[in-house]
Number of protein chains: 2
Amino acid sequence: MARVTIRQVARHAGVSPALVSGVLNEVPDLRVAPGTAARIRAAAAELGYTPNFMARGLRRRRSETIALVGDTIMTTPFAVRMVEAAQQAVTARGYLLFLVNTGDDPQAERAAIRALYGRHVDGLLYACMYHREVPVPEEITPPAVFLDARPDSARFPSVVPDDHGGARNAVAELAAHGHRRIAFLNDEAGPVAAGLRLRGYREALAEAGIAFDPGLVGHARATPETGEEATARLLDRPGVTALFCFNDRMAIGAYRAIRRRGLRVPEDVSVVGYDDQEFIAAYLDPPLTTVALPYSRMGAWGARTLVDLIEGKVPEQREHTPVLMPCDLVRRSSVGPPPA
Amino acid sequence: MARVTIRQVARHAGVSPALVSGVLNEVPDLRVAPGTAARIRAAAAELGYTPNFMARGLRRRRSETIALVGDTIMTTPFAVRMVEAAQQAVTARGYLLFLVNTGDDPQAERAAIRALYGRHVDGLLYACMYHREVPVPEEITPPAVFLDARPDSARFPSVVPDDHGGARNAVAELAAHGHRRIAFLNDEAGPVAAGLRLRGYREALAEAGIAFDPGLVGHARATPETGEEATARLLDRPGVTALFCFNDRMAIGAYRAIRRRGLRVPEDVSVVGYDDQEFIAAYLDPPLTTVALPYSRMGAWGARTLVDLIEGKVPEQREHTPVLMPCDLVRRSSVGPPPA
């Protein structure tokens, strides 16, 4: 593809190259008749002129590029929607996205961040694969926005899922169907979300007038196998008719434990998961009622917030607190009334 | 972060700024004592000097950036490993990766490609979410490499999974266990892989001395629900003891159909899937023997091939044929001998 030059566009539009350059590079305060500007843009479009962004970036002191640095996000298939949404949002604003996955190696991460600033990215998105607290690498300077992460510095905006509200929604759904003995299978690794979801579980119980029974809270690693074992233990507790699982992968194990005992979902035991993980929640038999993690909305929000900061459309703030993105309940077929 | 300058590095190393610039920018044929070059690099590292890649790119006529343009790859969680592997491979060679997901919209794709060339990417990776034939967008010029795609022009290197060999492996595994009536549940949408896998199925049968019975080939959409219905029909055929599914999602449905009939996997019916899809194959009960799609290897191969072309390490070829990446069998617990 031979590059179309400013000169060719100028000849086509019958104006000077300097005027073409001024119009196409959106030079501020340029004096030009609206009709002429339109003619120049039409000529550029007709000839397929592509601006030289790199040279323009040097003039404007802006590269119109954004970096997304992720810990292990690309190895987490269900979190890539956040990357996808961020990419779409920055593209819509005329930016291109650099993607670097650091594999959670701090040295690789710092080298990548330095290389990105060396290429003059206008801002940085820092994304985690799950809701966690992160020390801000000292290389990162504003503007930067943290996704699915709580940075240890209030200098940066961030967005995380409302795990507390999501768990409350899940347990309220079970209580609304008449369940009173609702077990909670939590993640024994104790991530940030585990504490928040336990709080949501207890609040929903209190709101429904159900006393908290610590014996109904189980712990396991977030896999089907350990979820199956832990569910079997919870089903030994008297009167349990419903189970809220920390995530959909544990719910796979819960289904197995329920089936191995000769019981059915939801006729004998109702189950609610968390994540709305693709290829799991909707594919379970019966399809799983669960709480969706708002990956797309977090990605889009973060990207828009970052571009607004870069372009000075929002004032810089000294102090930020994490924005909580709602986690909606997705109703499928795993919740029913308790057995009579 | 205040930027460290060439001047500061020069002062620290006790040499001229021109020499620092020459060493750090790897100017060819530069005369400098090895000890001096090492001292300059040490000084740069100590002070945290970051090269200005954009200015360097203008001088070198290389931006050290690569673009990965995908159709809907980021909405396909199991294909993101290809993106991950490509990113790691280009990073290892000192390049940064732009990621654009075009959502399979040709207009968005062309606009993105123009914008990427406008930023002087050194080369382009074009990735599809599944093995398919693609018309090459006219904006794309060499060097470019196609991943999981067969471009309609022989000017570009490409890599695709060896679907033919993978299917042969799957069916040979069933024949080796003693199965003679092996059904094949194919994708009715007829993607490139459907034809190749049917060929592999027939070849493996022929190699095992089993006559091909068209009545044992079923068709369905690639979902659990349709897989379940189609499997039920195949199980009505006399003597069927094994099933090869076009993908793991259909195998979910096959498991259900087998269970609904009061039969067990693998005691009554052996099942092999395709894809080795995360969170499905290993999580099925029993875990599914399947054929792995080589996403990581395709991504890494494509990235290395592209960088080699950019750096002139391999000669430009006029004509390319797609490289076939092997699809390995992953043995789990869904295959056994046929019932006595």
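## Charge

In this predicted model, chain A carries 40 positive and 39 negative side chains. The centres of these two sets are 7 Å apart.

## Shape and surface of chain A

Chain A is built with 11 helices and 12 strands. Its radius of gyration is 26 Å, well over the 20 Å that the globule rule gives for 340 residues, so chain A is more spread out than a compact globule. If you look along the principal axes, the C-alpha trace of chain A spans about 85 × 40 × 35 Å.

Of the 340 residues in chain A, 57% count as buried. The accessible surface of the chain is about 14,200 Å², and carbon and sulfur atoms hold 51% of that area. As for contacts in chain A between residues at least 6 apart in sequence, 71% of them join residues at least 24 apart.

## Nonpolar cores

In soluble globular proteins, nonpolar side chains tend to be buried together. Here the largest nonpolar core has 149 residues. The members that touch the most other members are A:Ile66, A:Leu125, A:Ile182, A:Phe244, B:Ile66, B:Leu125 and B:Phe244. Apart from this core lies another, of 42 residues, with A:Tyr117, B:Val121, B:Ile140 and B:Ala144 among them.

Which residues does A:Ile182 touch, not counting those up to four places away in sequence? They are A:Val171, A:Leu174, A:Ala175, A:Tyr201, A:Leu205, A:Ile210, A:Leu216 and A:Ala242.

## A buried arginine in chain A

A:Arg249 sits in helix H10 of chain A, which covers residues 248-260. Is A:Arg249 buried or exposed? A:Arg249 counts as buried because its relative accessibility is 14%, and the cut-off for buried is under 20%.

Leaving aside neighbours within four places in sequence, A:Arg249 has contacts in both chains. In chain A these are A:Phe78, A:Ala222, A:Thr223, A:Pro224, A:Asp275, A:Gln277 and A:Ile280. In chain B they are B:Phe279 and B:Tyr283.

## A buried valine in chain B

B:Val20 belongs to helix H2 of chain B, residues 17-24. With a relative accessible area of 0%, B:Val20 is buried. Not counting residues up to four places away in sequence, B:Val20 touches B:Ile6, B:Val9, B:Ala10, B:Val15 and B:Ile40.

For a distance to check in your viewer, take B:Val20 and B:Gln8, which are 12 residues apart along the chain. Their C-alpha atoms are separated by 9.9 Å.

Note on methods:
Residues numbered from 1 in each chain as written. Chains lettered and ligands numbered in written order. Predicted model: local features only at pLDDT ≥ 70, side-chain atom pairs only at ≥ 80, totals over all residues. Heavy atoms only, no water. Helix = DSSP H or I, 4+ residues; strand = E, 2+ residues; numbered from the N terminus. Buried < 20%, exposed > 50% of the residue type's maximum accessible area, 1.4 Å probe, protein only. Contact = heavy atoms within 4.5 Å. Rg over C-alpha atoms; globule rule 2.2 N^0.38 Å. Areas by Shrake-Rupley, 256 points an atom, 1.4 Å probe, with all protein chains shown as cover. Lys, Arg positive; Asp, Glu negative; His and termini not counted. Charge placed at Lys NZ, Arg CZ, Asp CG, Glu CD. Core = buried A, V, L, I, M, F, W, Y, C linked by side-chain atoms within 4.5 Å.
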